Each structure stands twice: as C-alpha cells, then as structure tokens.
Amino acid sequence: MPYYDPTERRYRLNLPRHLSIPGVDSELLVRDAVQRMPELTRRRFLRGTGSLGALMLLTGCDVVDGQSAEALLRRISRFNDEVQALLFNPRKLAPTYDASRITRPFPFNAFYGPEDAPRISGERWKLYVDGLVTDKSTWDLPRLHRLPKQTQITKHICIEGWSAIGQWTGPSLGDFLRRVGADLSAKYVGFLCDDRYSTSLDMATALHPQTQMTLLFDGGTLPRQYGYPMKVRVPTKLGFKNPKHVSEIFVTNDYPGGFWENQGYNWFSGL
Ligand SMILES: Nc1nc2c(c(=O)[nH]1)N[C@H]1C(S)=C(S)[C@@H](COP(=O)(O)O)O[C@H]1N2
Ligand SMILES: [Mo]
C-alpha cells in the first residue's frame with residue numbers, strides 16, 4: 001500500500017521484492033507511471049496495491065527490461081481516449097491460449113458479491129435493441145442461439161489487479177450489429193444490464209472479430225454469476241468493459257459512459 005513520507009512530503013510505494021527487474025528501478029518506474037496517469041486512474045491505482053504488478057496488469061505490458069519499461073510508460077501517457085481510439089487497430093487480435101491454460105475456478109467479480117448475482121429466467125429473458133438500428137425487434141434466447149457461434153480462449157484482465165484465462169462461446173457482436181442494421185458509422189454501442197450495470201464501447205471495438213455475445217462458458221451454459229443468459233466478451237478491453245447479464249444493446253452518437261466509467265475509470269481502457 002502507498003504510504004505518506006513526511007520528510008519527502010509525498011506518497012511512496014512499497015514494491016514487492018520479487019519483482020526486481022535487471023536494469024529497471026521498479027520504484028522509479030511506478031512513480032513515473034503514476035505521475036503520467038489521469039487524475040482518477042491515479043487515485044484508483046494508489047487506492048489499490050499501487051504495485052508494479054498492478055501497473056503491468058493495468059497496461060497489459062510485461063516489464064522484462066528497460067525497453068519494455070519505456071513501452072509501459074508510453075502506454076500510460078496514452079490514457080487518453082481519443083489517442084487510444086486512434087491507436088486501436090480493429091484487426092489486431094487479442095492473444096489466444098491453449099485449453100490447458102484455462103483458469104479453474106474462474107474468479108468472480110461484480111459491484112456486489114456472487115450470492116447477489118441476478119437470477120434470470122432464460123425462458124422469459126428478452127434482449128432489447130435500440131438507437132441507430134433499422135430492426136428494433138427483441139431477441140429471445142433461442143433466436144440468439146440460432147446465430148453462428150465462435151469460441152475463444154482469451155485472458156480477462158481486471159483493473160483491480162487480477163487476470164484469468166477463460167473459454168467463451170457465442171455469436172459475434174459485429175455480425176449481430178450488421179444483422180439488425182446498425183449504423184456502423186455511429187460512435188458508440190452501449191449496454192444495459194439486468195443488475196443496473198452498464199458500459200459502452202467504441203464502434204471499432206464493437207465490430208472487432210473477437211467481440212462476442214457470450215452464451216456458453218467453458219463449454220456449458222453461461223453460469224449465473226458469470227453473466228447468464230448473455231454477456232459481452234471483449235478480449236481487447238479491461239474486464240469492466242465486459243458487461244454481464246446484458247438486457248439492452250443500443251447504438252448512439254451521444255457518449256453513453258457506464259457504471260465505472262462515470263466514477264472515473266478510463267472510458268477506452270483498451271489492452
Ligand atoms: N452486469 C455486470 N457486468 C460486469 C460487472 C458487474 O458488476 N455487473 N463487473 C465487471 C468487472 S469489473 C469484471 S472484472 C468482470 C468480472 O467478470 P467475471 O465475474 O466473469 O469474472 O465483469 C464485468 N462486468
Ligand atoms: Mo474488473
């Protein structure tokens with residue numbers, strides 16, 4: 001945890017000793033990175049572990065030498081949505097993994113505990129589609145299941161400092177958006193969830209080939225805690241940009257924000 005050093009009149013960080021990297025002063029690196037963070041990211045980061053490990057998860061950079069340390073700092077300096085969106089390559093794929101690397105049990109996270117995850121009836125569930133689309137008809141579970149599905153084994157990285165590899169299966173969100181006649185030149189795709197969570201994506205990420213309307217997890221029905229009946233899996237983004245229990249998808253040019261975005265998390269949060 002960071003602590004206040006009264007002699008130096010500033011916050012200092014305790015760094016785990018095992019993260020000593022030849023040629024890299026980890027404490028200096030973390031301090032430098034913290035200075036480059038936007039205000040709210042910085043506050044959240046310092047309230048967490050404030051460690052080099054957390055920094056590597058936040059940026060998706062593995063620091064192994066001076067060069068990668070610099071790459072990490074460059075990435076932190078880009079914690080600016082517009083610049084990040086410009087740098088996003090809509091064709092670049094997130095890494096995929098072998099089935100032997102899958103994390104079991106898979107960690108749960110939400111703004112409440114696992115016992116409070118919504119209990120949703122698959123038979124009664126409806127997905128609403130709104131905004132800049134030509135076909136606003138609602139979807140039920142069987143209709144979604146009839147769309148072609150894809151499977152991915154990718155890494156989920158949570159801003160709170162953990163990551164895990166999982167397997168998710170479902171229709172491509174891009175195919176879905178084309179099917180409902182979404183205005184693909186619109187800026188945002190927003191998601192409303194059954195637990196009153198929400199988030200939104202830039203259109204390029206919504207159309208990314210790995211962005212998925214997940215119906216199956218680890219080969220079986222998506223479990224209640226992990227987003228039943230449908231979550232949107234976005235392996236090019238941090239975990240909080242992956243909405244679970246999605247009940248509405250809308251297309252818009254007005255910035256939609258989101259549950260954590262409205263509390264200061266960086267909106268783009270790409271990896
Ligand atoms: N509906 C909903 N979706 C959500 C959240 C939530 O609280 N509610 N939390 C987000 C965060 S911060 C993370 S890390 C992931 C956790 O997903 P998991 O429980 O499948 O690991 O869900 C994301 N999507
Ligand atoms: Mo998260």
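Select Asn 109, Ala 110, Gly 239, Asn 242 and Lys 244: of the 26 residues that line the second largest pocket, these lie nearest its centre. A pocket here is an open set of points, on a 1 Å grid over the protein atoms alone, where a 1.4 Å probe fits, with protein on both sides within 12 Å along at least five of seven lines; lining residues have an atom within 4 Å of a point. The model is predicted, so local features need pLDDT of at least 70 and side-chain atom pairs count only at pLDDT 80 or more, while totals for chains, interfaces and linings use all residues. Residues are numbered from 1 along each chain as its sequence is written, chains are lettered from A and ligands numbered from 1 in the order in which they are written, and side-chain values use heavy atoms, with hydrogens and water left out.

The second largest pocket holds about 370 Å³ of space, a volume being the space filled by probe spheres set on the points, which are joined across faces, edges and corners. Colour strand 4 (150–158) and strand 5 (162–170) next, as each supplies at least two residues of this lining. Helices (H or I, at least four residues) and strands (E, at least two) are DSSP runs, numbered from the N terminus. By class, the lining divides into 17 nonpolar, five polar and four charged residues; Ala, Val, Leu, Ile, Met, Phe, Trp, Tyr, Cys and Pro count as nonpolar, Asp, Glu, Lys and Arg as charged, and the others, Gly among them, as polar.

Now select ligand 1. It is surrounded by 19 residues, and the closest are Pro 107, Asn 109, Asp 195, Asn 242 and Lys 244; a residue is near if one of its heavy atoms lies within 4 Å.

Move to the largest pocket, with about 810 Å³ of space. Among its 31 lining residues, Thr 59, Arg 75, Lys 92, Gly 270 and Leu 271 lie nearest its centre. Helix 3 (52–59) gives the most to this lining, with four residues. Domain 1 (2–87) and domain 2 (99–263) both contribute to the lining, so the largest pocket lies between them; the domain bounds come from an automatic or database domain assignment.

Finally, inspect the backbone. The peptide bond from Arg 104 to Pro 105 is cis, with omega near -5 degrees.
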